[in-house]
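Here is a short report on one protein model. Have the structure open as you read.

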Amino acid sequence: MRAWPVLCAVGLACVLVACGGDASDSGGRADSTAAVVENPNAPGVHQVGPNQYEVVIQVSEGSYLPSEIHVPVGAEITFRVRSTDIPHGFLIDGAGVKLSPVPEEYREATHVFDRVGVYNFHCDEYCGGSHELMKGRIIAE
Ligand code: CUA
């Protein structure tokens, strides 16, 4: 966060970085700060506190992005899951986490993995021909 005013003071670097961000945007709102601050909605694992993480998962027909997710044991993990097309399911076996990702908003659930292991997840809401392909795993380590 604090890097932004510093970069702006430099001037030229600020402009170059902001231009790069706009070019890669796929048609949403223009947001010049997104180029320098890590995008909190980018698929993947984001550390948001000393022992807190957010896992952003993009769901679309046939797949989860990412489909293999590494998280630390004992940390507070908030899953933020959103579909890019139609409603899907997101069920983590043995963790009691069940979400119904839709395009309109992020669906969220928080969980702490107490022990090392591999936790499989899959789509548990029928969504068409690719339904059976929709799976992934969480490695708590
Ligand atoms: Cu996606 Cu069933």
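Tyr 119 is buried, at 13% relative accessibility. Buried means under 20% relative accessible area; exposed means over 50%, and partly exposed lies in between (1.4 Å probe, protein chains only). Phe 113 is buried too, at 0%.

The model is predicted: local features need pLDDT of at least 70, side-chain atom pairs count only at pLDDT 80 or more, and totals for chains, interfaces and linings use all residues. Residues are numbered from 1 along each chain as its sequence is written, and side-chain values use heavy atoms, with hydrogens and water left out.

## Aromatic rings

The structure has six aromatic pairs. Rings of Phe, Tyr and Trp (its six-membered ring) pair if their centres lie within 6.5 Å; planes under 30 degrees apart are stacked, over 60 edge-to-face, and the rest tilted.

Phe 79 and Phe 90 make a tilted pair, with 5.8 Å between centres and 50° between planes. Phe 79 and Phe 90 are eleven residues apart, in strands β5 and β6. Strands (E, at least two residues) and helices (H or I, at least four) are DSSP runs, numbered from the N terminus. Phe 79 is buried, at 0% relative accessibility. Phe 90 is also buried at 0%. The centres of the Phe 113 and Tyr 119 rings lie 4.7 Å apart with planes at 55°, so this pair is tilted.

One aromatic cluster holds Tyr 64, Phe 79, Phe 90, Phe 113, Tyr 119 and Phe 121.

## A charge over a ring

The charged end of Arg 80 sits over the Tyr 106 ring, 4.3 Å from its centre. The cut-offs: NZ of Lys or CZ of Arg within 6 Å of the ring centre and within 35 degrees of the ring normal.
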